Amino acid sequence: MLKRFFPFLSWLKTYNRSLLYGDLIAGLTLGVMLVPQGMAYAMIAGMPPIYGLYAALVPQIVYALTGTSRQLAVGPVAMDSLLVAAGIGALQLANIEDYIATVLLLTLLIGSIQLLLGFLRMGFFINFLSKPVISGFTSAAAILIGLGQLKHIFGVQISQSSKIHQLLGNIFGSLGQINLYALGLGIVAILLILFMNRISKKIPTPLIIVIIGILAVLFLHLETKGIQVVGEIPKGLPKFQSPEFQWEKMGQLLPIAITVALFGFMESISIAKTVEEKHHEYELDANQELRALGLSNLMGSFFQSFSVSGSFSRTAVNDQAGAKTGMSLIFSALLIAAVLLFLTPLFHDLPAAVLGAIILVSVFGLIDLKYPAMLFKSRKDEFMLLVATFLLTLFIGLIEGILLGVLLSLLLLVYRISNPHIAVLGRIKGTDYFKNVNRFPEEVEVETDKLILRFDAQLYFGNKDYFKKQLYQQIAKKGSGLKYIILNAEAINYIDSSATTLLERIILDLRERGIQLLITGAIGPTRDILYHSGLIDIIGEENLFVQTFEAVDYCSDQKERTGIQKRISLQSQTKSL
């Protein structure tokens, strides 16, 4: 039980020097990345940069002890930060102190929701976020994040918005006030990041760019040119402080908290599963991952952390640098603690334009063009879902975009199961196998007195009328010679009460027409429903078959017996005459 809730106990007992070296190198590399990234993502969330370092401290330690992934790098990420900014920004709080207090309360709620869902074993909730929805939302959010950072690149004040038309209007309205020094510094920083990333992904590019930016401000006296710098950063570790409960805001915060909680978990588990495929020494537990992430946010909120989740870029670096256990996160947290205790004065002259450049390059890498192109070629319905989520997120808002995207994906699912695939089958010549007559017209034999139908879905109130309509259309095509209908029920895993009633009416109607219904391939749960509902008494046990060819042969034998009986009856009548 202890190992289940504290997975670090599984690897701690076999920990040795070889593991220590890989974890130490990976942890230091991770910490170096986190310093500039954490500060940048805090700015996205609308928080002072120091809170990005706070978010990189306690949550990493908590996840290292409770998470089942040994390479997942937990900490501040761009997407969660943007969701937090969009949700809290809509509350229009009066000052930064109220804003920070509300973000910390939101983090507590996010952690509590994730922890509760984890104990309730609700990890399957992630399945409601389909890939087209995630891709459309992520691409739109990346555009909004990038445009939102132009205020730092341009060196002007631009009113932020989660709606692209409003944001673009604000940007164009401030073009006349651009600070050319800030713009030049931002462009140079972007070009340097792109150049260094092409040389090697292992280079700690963000940290190098931060150092260059600080040196440029110091030696070129850029602050006097209107370049905005980070300024005074509080020194020391975050103090334990309970988030301030604001009951009047709970109704507004809960939808935001649920959205961030689910999206953050989705992001983390997707990354963790990707890395797990390379490592066979452990297995992920989705529910424990949910609990670990929840506990990281919950405990982090008491140490002034905003929402955290798994980072794709840092996880990749952590894995490539040699991380073997959660100790790499602990070493990373220790480096962040050292920065907070001794090095914060060094970041006083860090230009905001450099942080904006780091964010711009990282978030535009989230825009995925290959996946939509693939969907356009093969799955037009999912492509339209992706585009709808993308546009809704851009023009209506982040929270609204992802929620409406999930709703649209559920509606698409309902449409699909309400209009499932139905195939008319024919026997492959000389075999006992059956195929769709529309797909293989040259290979199958179709008998005029038999209709073999396969229904590829559960049969329930949402698609029962569709089933009836399609069935009677096929009956009409067969004409008056039809004597047998064979329903292949291999794909029918459930029949609800509404569909059971419909089947009863259909069977009785077919009998009046002189047509016999047979069912083949019904699996155990479906047979249980047939018996428990009493439908078996109407169908008749003799009309249930394991395989389709058995039902077809039975119909042929019955037809032959009927023919023999007719001949005997005719002979008897002839003799009597």
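The text below covers the helix packing, then the pockets.

This is a predicted model; local features need pLDDT of at least 70, side-chain atom pairs count only at pLDDT 80 or more, and totals for chains, interfaces and linings use all residues. Residues are numbered from 1 along each chain as its sequence is written, and side-chain values use heavy atoms, without hydrogens and water.

**Helix pair**

Helix 7 (residues 96–119) packs against helix 13 (residues 250–276) at about 55°, with the axes 8 Å apart. Helices are DSSP runs (H or I, at least four residues), numbered from the N terminus. Axes are lines fitted to C-alpha atoms over the stretch in contact, and angles run from 0 to 180 degrees between N-to-C directions. The contact (heavy atoms within 4.5 Å) includes L105 and L109 of helix 7 and L254 and F265 of helix 13. By class, this contact of helix 7 with helix 13 has 16 nonpolar, two polar and no charged residues.

**Pockets**

A pocket is an open set of points on a 1 Å grid where a 1.4 Å probe fits, with protein on both sides within 12 Å along at least five of seven lines; lining residues have an atom within 4 Å of a point. Volume is the space filled by probe spheres set on the points.

| Pocket | Volume |
|---|---|
| Largest pocket | about 1600 Å³ |
| Second largest pocket | about 980 Å³ |

The largest pocket is lined by 47 residues, with F312, S313, S362, G365 and L366 nearest its centre. Its lining has 25 nonpolar, 15 polar and seven charged residues. In the second largest pocket, helix 6 gives the largest share of the lining, five residues.

Conventions
Helices (H or I, at least four residues) and strands (E, at least two) are DSSP runs, numbered from the N terminus. Ala, Val, Leu, Ile, Met, Phe, Trp, Tyr, Cys and Pro count as nonpolar, Asp, Glu, Lys and Arg as charged, and the others, Gly among them, as polar.
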